[in-house]
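Here is a brisk report on one protein model. Have the sequence and the 3D view open while you read.

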Amino acid sequence: MMAASKPVEPESGSGLPRWQLALLVGAPLVLGVGAAYLWNRSRSKSKRNGERKTPEGSASPVHGQAQDGEEQKGMSPLDQAQAAKNRGNKFFKASKFEQAIQCYTEAISLCPAEQKGDLSTFYQNRAAAYEQQMKWVEVVQDCSRAVELNPRYVKALFRRAKAQEKLDNKKECLEDVTAVCILEAFQNQQSMLLADKVLKLLGKEKAKEKYKNREPLMPSPQFIKSYFSSFTEDIISQPLQKGEKKDEDKDKEGEAAEVTASSGYLKAKQFMDEENYDKIISECTKEVDSCGRHTAEALLLRATFYLLIGNASAAQPDLDQVINMESANVKLRANALIKRGSMYMQQQQPQLSTQDFNMAAEIDTQNADVYHHRGQLKILLDQVEEAVADFDKCISLRPDSALAQAQKCFALYRQAYTGNNASQVQIAMEGFEDIIRRFPKCAEGYALYAQALTDQQQFGKADEMYDKCIELEPDNATTYVHKGLLQLQWKQDLDLGLELISKAIEIDSKCDFAYETMGTIEVQRGNLDKAIDMFNKAINLAKSEMEMAHLYSLCDAAYAQTEVAKKYGLKPPTL
């Protein structure tokens, strides 16, 4: 598990970003942060892939149209307008944009009002010329007139979207480009890339503001236990030692109470054992303020819970202090480096993250946790060979580390699968079989194998693997979400899929992944208002600013679809 927040893609486990979950459940839609877009891009290169720069219509005179004013006298107003447009097109191709604009303006003034199709073309052509002059306000104005005349005019909508981006009108840009994506059935990479870009920018902006003012939220006990289980050499997560732990046979009101009250850190550890997590930070603070003998441990435990509630800015000074404490136990310092490195990765600072993991490996060369978590970092950085080397080092130090073995196997599987190497895929699948045989109680082994089996469309066996996970960890909400998604992909059983995801929320009401997935499915079903509600619930539970930005992108994409549906009557295909 990546220390600052979650395992490496714990919810999708596929090595792909979680926003690609949408791909599992139906038709490509504008789902945010490139979900449908990347899928379409990987399927085929669209023919409509070039920059739309040219105006519309032939530059040569059409039947009955001439350049000479005398010859135009017998022409209809529409023919005269077309002639003016053609002259404009010639000027445009010669990069004489001011003259082109004059011609298009003449075409607009000559064109009969009832000829809406032609008139919309003239406005769109003039917008193309204004675009070359970088007159973005005029581009928006002319494209708007074109769209009023022809509401499903893709060229005008896309040109206006690009101009709105230049004017920093992200919301308006997103609405236009969403309409374009739907009208083009997601076949044009340019429009999909623009939507992807704007969604990311909107998500980051909103998340920055929201995250700064959010109320800290303690994750569920299941999440916290899962987090700590990813460390085998973390002193602070070990149960109280015999000399420290209260004796259950003693009078609970007497000597035991005195022992735990003597140290804020020991009391915090006791609260850990009791799963009374809300009191841990304050008890650690007492230990730190009194300069107690467990100050280093208290700083690290407090930092860890700051990270868990999503308060990285409070965690960092504590981690810095432990890392720089030469007298502290090397295991504490290495653990602080792992957690700070993971925090940097959450903040999208991979260079600082790598530095911390490397320093941890230098100061504690035999610490299996360092290599396990650094291996996950390398997967995120798409450095599979280095990841495998780190997992191997972890396994050599702890041969019983089922988690590292399962994740190594999955890393090799993803490398083979994305590289279309069928023989290596088969070797990896055999590796999973070996892992679940040797480590029958490792739920992660079954979960990762299930995701590989799903990739290979071996749905029945994948379902069996998820059942094994649930048998081993009945309170793991994310397994129910994965099993629900599998029902959608395998049997198109929407009711069972939603029932399983609802069960996940029942088990863990703070499972943001369940709300996110529910929102994604509701988008697919066309229930956009319900989808937005689900995404907002996930946003309030997000454990990092980066995660929150991703969720805002999904929410904004769903909202843009509602606006497009109202304005143009456009809806993507639904389940």
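Gln415 has its place in helix H20. Helices here are DSSP runs of H or I with at least four residues, strands are runs of E with at least two, and both are numbered from the N terminus. The model is predicted: local features need pLDDT of at least 70, side-chain atom pairs count only at pLDDT 80 or more, and totals for chains, interfaces and linings use all residues. Residues are numbered from 1 along each chain as its sequence is written, and side-chain values use heavy atoms, with hydrogens and water left out.

Gln415 counts as partly exposed because its relative accessibility is 35%. The classes are buried (under 20% relative accessible area), exposed (over 50%) and partly exposed (in between), with a 1.4 Å probe and protein chains only. Leaving aside neighbours within four places in sequence, Gln415 is in contact with Val384 and Glu385. Contact means heavy atoms within 4.5 Å. Gln383 lies 32 residues from Gln415 in sequence and 9.8 Å away in space, C-alpha to C-alpha.

Helix H20 (residues 402-418) also holds Tyr413 and Tyr417, 4 residues apart, about one turn of the helix. Tyr413 is buried, at 0% relative accessible area. Tyr417 is partly exposed, at 30% relative accessibility.

**Aromatic rings and charges**

The structure holds 10 aromatic pairs. Tyr413 and Tyr417 form one that is stacked, at 5.5 Å centre to centre and 15 degrees between the planes. Rings of Phe, Tyr and Trp (its six-membered ring) pair if their centres lie within 6.5 Å; planes under 30 degrees apart are stacked, over 60 edge-to-face, and the rest tilted.

Tyr227, Phe228, Phe231, Tyr277 and Phe305 form one aromatic cluster. Phe231 also has the charged end of Lys339 over its ring. The table lists this case with another. A charge sits over a ring if NZ of Lys or CZ of Arg is within 6 Å of the ring centre and within 35 degrees of the ring normal.

| Charged residue | Ring | Distance to ring centre |
|---|---|---|
| Lys339 | Phe231 | 5.0 Å |
| Lys543 | Phe223 | 4.6 Å |

**A buried arginine**

Arg214 is found in the loop between helix H9 (189-212) and helix H10 (221-229). Arg214 is buried yet has no salt bridge. A salt bridge needs a side-chain nitrogen of Lys or Arg within 4 Å of a carboxyl oxygen of Asp or Glu. Which side chain of opposite charge is nearest to Arg214? Glu547, at 8.7 Å. Lys and Arg count as positive, Asp and Glu as negative; His and the chain ends are not counted.

The Arg214 side chain does reach the backbone oxygen of Gly310, at 3.5 Å. Beyond its neighbours within four places in sequence, Arg214 is in contact with Ile309, Gly310, Ala542 and Met548.

**Positive phi in loops**

Glu275 is not a glycine, yet its phi is positive, near 60 degrees. The residue sits in the loop between helix H12 (264-273) and helix H13 (280-289). Glu275 is partly exposed, at 36% relative accessibility.

Gln492, also not a glycine, has a positive phi of about 50 degrees. Its loop runs between helix H24 (477-491) and helix H25 (494-507). Gln492 counts as exposed, at 58% relative accessibility.

**The whole protein**

The secondary structure comes to 28 helices and 0 strands. Of the 575 residues, 56% are buried. Among contacts between residues at least 6 apart in sequence, 62% join residues at least 24 apart.

Conventions
Polar contact = N/O pair within 3.5 Å; in protein donor to acceptor, adjacent residues only side chain to side chain.
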